[in-house]
Amino acid sequence: MSGGPISQDWEPVVIRKKAPNAAAKKDEKAVNAARRAGADIDTVKKYNAATNKAASSSTSFNTKRLDEDTENLAHDRVPTELKKAIMQARMDKKLTQSQLAQIINEKPQVIQEYESGKAIPNQQIIGKLERALGAKLRGKK
């Protein structure tokens with residue numbers, strides 16, 4: 001540093017608070033401060049505020065349609081001919097329900113449901129039963 005006076009080149013830095021955002025303008029403190037300062041305060045009641053009308057507006061229409069709908073919807077069940085054919089073919093092969101189930105890689109409950117008529121017919125399972133029992137179970141119509 002050579003001989004001359006040392007001077008500072010610094011400028012003063014002014015730090016200001018940010019202007020309040022929309023949420024801060026709405027809180028109770030800000031509103032009260034504005035009232036004390038005599039500022040104009042505008043309150044607006046929002047229509048349908050805090051309700052989920054968009055989601056529930058069409059329910060009355062749907063409910064009415066459901067009430068008017070008298071159609072009885074039920075799954076198909078195993079026909080009597082198929083139940084008897086499965087039982088007969090299984091008895092001819094001298095197999096129990098659980099043995100037959102093991103052969104076709106299904107649970108014994110599946111065979112019970114088919115033979116009692118409670119199962120919903122599945123063509124894949126019927127095909128497995130046909131191969132395992134060596135009998136034609138479908139197409140007897």
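Let me start with a term: a residue is called buried when its relative accessible area is under 20%. Glu115, at 6% relative accessibility, therefore counts as buried. Please keep in mind that this is a predicted model.

As to the overall fold, the protein has 8 helices and 0 strands. Buried residues account for 17% of its 141 residues.

I turn now to the salt bridges, of which the structure holds 3. In one of them, Arg90 pairs with Glu115, with the closest N and O atoms 2.6 Å apart. Because Arg90 belongs to helix H5 and Glu115 to helix H7, this pair ties together parts that are 25 residues apart in sequence. Arg90 is likewise buried, at 7% relative accessibility.

Another salt bridge joins the side chains of Lys128 and Glu106, at 2.8 Å from N to O. Lys128 lies in helix H8 and Glu106 in the loop between H6 and H7, so parts 22 residues apart in sequence are tied together. Here Lys128 is partly exposed, with a relative accessible area of 25%, and Glu106 is partly exposed at 24%.

The largest nonpolar core has 19 residues, and Leu100, Ile104, Tyr114, Leu129 and Leu137 touch the most other members. Helices H5, H6, H7 and H8 each supply at least two residues of this core, and H8 gives the most, with 5 residues.

Finally, the surface: Asp67, Glu68, Asp69 and Glu71 gather there in a patch of negative charge. Of these, Asp69 sits in the loop between helix H4 and helix H5.

Technical notes. Residues numbered from 1 in each chain as written. Predicted model: local features only at pLDDT ≥ 70, side-chain atom pairs only at ≥ 80, totals over all residues. Heavy atoms only, no water. Patch = residues over 30% accessible without salt bridge, like charges linked within 9 Å, V, L, I, M, F, W, Y side chains within 5 Å. Areas by Shrake-Rupley, 256 points an atom, 1.4 Å probe, with all protein chains shown as cover. Salt bridge = Lys/Arg side-chain N within 4 Å of Asp/Glu carboxyl O. Lys, Arg positive; Asp, Glu negative; His and termini not counted. Charge placed at Lys NZ, Arg CZ, Asp CG, Glu CD. Helix = DSSP H or I, 4+ residues; strand = E, 2+ residues; numbered from the N terminus. Core = buried A, V, L, I, M, F, W, Y, C linked by side-chain atoms within 4.5 Å. Buried < 20%, exposed > 50% of the residue type's maximum accessible area, 1.4 Å probe, protein only.
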